[in-house]
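Here is a short report on selected features of one model. Please read it alongside the sequence and the coordinates.

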Amino acid sequence: MSELLRVEHLTKIFTSGLIGGYEIRAVDDVSFEVKPGEIVSLVGESGSGKTTVGKLILRLLTPTSGRILFEGEDITEFSKKRLKTDYYRKVQAVFQDPFASFNLLHEVDRAFDLVFSSFLPEVKGEEREEMINEALRNVGLNPSEVRGKYPHQLSGGQLQRILIARALLVKPKLLIADEAVSMLDASTRIDVLNLLGDFRDRYGTSVLFVTHDLALGYYISDSTIIMYRGTIAEMGDTERVFHNPLHPYTQMLLESVPDINVKWEFRGIEPEKEEGAVYSIQGCRYAPRCPKARDVCFKLRPKLIEVEKNHWVACHLYGGE
Ligand SMILES: Nc1ncnc2c1ncn2[C@@H]1O[C@H](COP(=O)(O)OP(=O)(O)O)[C@@H](O)[C@H]1O
Ligand SMILES: [Mg+2]
């Protein structure tokens with residue numbers, strides 16, 4: 001077993017609960033893996049199911065079906081206690097909005113309380129203070145400039161670094177970073193990305209880097225997964241996916257980019273209004289928008305096939321029936 005995390009046929013269906021309500025297959029038969037020390041970006045426009053995948057891996061949501069294997073064990077079978085005492089020590093997360101993660105009435109240091117009470121109850125006093133300082137220094141913060149401060153006295157970048165310091169304090173095996181740099185200004189963003197890369201180099205921490213920003217994914221990751229409306233369109237080695245995009249969706253995303261260093265953003269595409277319908281399409285979810293769609297694309301879901309080494313695509317142009 002060479003992977004740290006393996007997601008198999010993961011599916012999450014949300015239902016509106018109303019009569020005549022809709023079903024959204026927010027994550028539909030998604031399989032991928034993350035190796036130890038690997039940075040994998042999960043990229044897709046808004047509504048593609050990225051956050052749901054992250055929440056399922058964090059067990060903040062329960063899958064409708066499928067398995068999530070961490071170090072070979074199915075975490076969907078873990079008890080609450082096992083999750084709290086063991087799993088969350090190995091799997092930590094950082095989310096988009098740093099302000100939302102702090103109690104505005106408390107000094108920012110209090111953010112570390114739960115980590116110590118949950119995972120390091122034996123660490124107290126001086127030793128604890130020094131661990132916090134070291135974690136802060138690891139993310140490029142000067143402890144004396146942030147400790148004892150209230151959230152409103154610090155910038156979003158400083159707060160996000162504190163949250164990253166907290167997540168990394170226990171040296172997790174996997175960090176899930178969901179749009180974790182999206183709210184930061186451009187220079188802070190690159191610093192934080194480099195910091196995640198450094199931490200991976202030093203401690204072998206894997207990162208699942210969830211983003212809607214193609215350029216960030218390209219910059220940071222070893223492997224890239226392109227999601228479209230709950231399904232994986234293409235995935236594999238980052239260089240291959242970006243330099244030899246196979247799926248018409250990936251090609252559409254990249255084709256008008258003149259220079260690899262230009263910021264690749266999704267070009268103002270918003271999910272269609274008839275959400276429920278799109279998420280339950282039988283065939284390829286991209287077929288209604290795809291210039292190369294054929295009959296089969298509307299009828300049959302293409303399977304992910306390995307077209308070249310470590311480069312997978314789910315598209316009828318490449319077989320997969
Ligand atoms: N708790 C929920 N209840 C109902 N629908 C949800 C819920 N969470 C997410 N969804 C829907 O699932 C789809 C995928 O959402 P999400 O995972 O947040 O995508 P992303 O992070 O890629 O923007 C969206 O259509 C969203 O509206
Ligand atoms: Mg999201």
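## Loops, helices and a cavity

Asn310 counts as partly exposed, because its relative accessibility is 28%, and partly exposed covers the range between the buried limit of 20% and the exposed limit of 50%. This is a predicted model. Asn310 lies in the loop that joins strand 11 (304-308) to strand 12 (311-314). Its backbone deserves a look. Phi of Asn310 is near 50°, a positive value in a residue other than glycine. Most residues other than glycine have a negative phi.

Arg229 also has a positive phi, of about 45°, and is not a glycine. Arg229 sits in the loop between strand 9 (223-228) and strand 10 (231-237). Is Arg229 buried or exposed? Arg229 is buried, with a relative accessible area of 3%.

Ser48 is another loop residue, placed between strand 3 (39-43) and helix 1. At 2% relative accessibility, Ser48 counts as buried. The C-alpha atoms of Ser48 and Lys299 are separated by 21 Å. Along the chain these two residues are 251 residues apart.

The table sets out the accessibility of selected residues.

| Residue | Relative accessibility | Class |
|---|---|---|
| Tyr87 | 1% | buried |
| Val207 | 2% | buried |
| Leu83 | 8% | buried |
| Phe78 | 10% | buried |

Helix 2 spans residues 80-90, and its buried residues are Leu83, Asp86 and Tyr87. Why do they lie on the same side of helix 2? They cover an arc of only 130° around the axis, and therefore share one side of helix 2. In an α-helix there are 3.6 residues a turn, so residues three or four places apart point the same way. Lys81 and Lys84 are exposed on the other side of helix 2.

What do the buried residues of helix 2 pack against? Their partners are helix 1 (50-57), strand 4 (65-70) and strand 6 (91-94).

Leu83 belongs to helix 2. Not counting residues up to four places away in sequence, Leu83 touches Arg59, Phe78 and Tyr88.

Aromatic rings come next. The structure holds eight aromatic pairs. In one, the ring centres of Phe78 and Tyr87 are 5.9 Å apart and the planes stand at 85°, so the pair is edge-to-face. The angle passes the cut-off for that class, which is over 60 degrees. Both partners are buried, Phe78 at 10% relative accessibility and Tyr87 at 1%. Ring pairs also link Phe70, Phe78, Tyr87 and Tyr88 into a cluster.

**Helix 10**

Why is helix 10 described as largely enclosed by the rest of the structure? Helix 10 covers residues 248-255, and six of its eight residues are buried, so the rest of the structure largely encloses it. The buried residues are Pro248, Tyr249, Thr250, Met252, Leu253 and Leu254. They pack against helix 8 (214-220), strand 9, strand 10 and helix 9 (238-243). Strand 9 and strand 10 are also the strands on either side of the Arg229 loop.

**Strand 8**

Val207 has its place in strand 8, residues 206-211. Val207 counts as buried at 2% relative accessibility. Which residues is Val207 in contact with, leaving aside neighbours within four places in sequence? The contacts are Glu38, Ile39, Val40, Leu174 and Leu175. The C-alpha atoms of Val207 and Ser221 are separated by 8.6 Å, with the two residues 14 residues apart along the chain.

**The cavity**

How many cavities of 30 Å³ or more does a search of the whole structure find? The search finds one. About 80 Å³ of space lies in the largest cavity. Its lining counts 13 residues, and the closest to the centre are Cys284, Cys290, Cys297, Cys315 and His316. By class, the lining divides into ten nonpolar residues, two polar and one charged.

Key:
Residues are numbered from 1 along each chain as its sequence is written. Chains are lettered from A and ligands numbered from 1 in the order in which they are written. This is a predicted model: local features need pLDDT of at least 70, side-chain atom pairs count only at pLDDT 80 or more; totals for chains, interfaces and linings use all residues. Side-chain values use heavy atoms; hydrogens and water are left out. On a 1 Å grid over the protein atoms alone, a cavity is a set of points where a 1.4 Å probe fits but cannot get out, and a pocket is an open set with protein on both sides within 12 Å along at least five of seven lines; lining residues have an atom within 4 Å of a point. Grid points are joined across faces, edges and corners, and a volume is the space filled by probe spheres set on the points. Ala, Val, Leu, Ile, Met, Phe, Trp, Tyr, Cys and Pro count as nonpolar, Asp, Glu, Lys and Arg as charged, and the others, Gly among them, as polar. Buried means under 20% relative accessible area, exposed over 50%, partly exposed in between (1.4 Å probe, protein chains only). Helices (H or I, at least four residues) and strands (E, at least two) are DSSP runs, numbered from the N terminus. The arc is that of the directions from the helix axis to the C-beta atoms. Contact means heavy atoms within 4.5 Å. Rings of Phe, Tyr and Trp (its six-membered ring) pair if their centres lie within 6.5 Å; planes under 30 degrees apart count as stacked, over 60 as edge-to-face and the rest as tilted.
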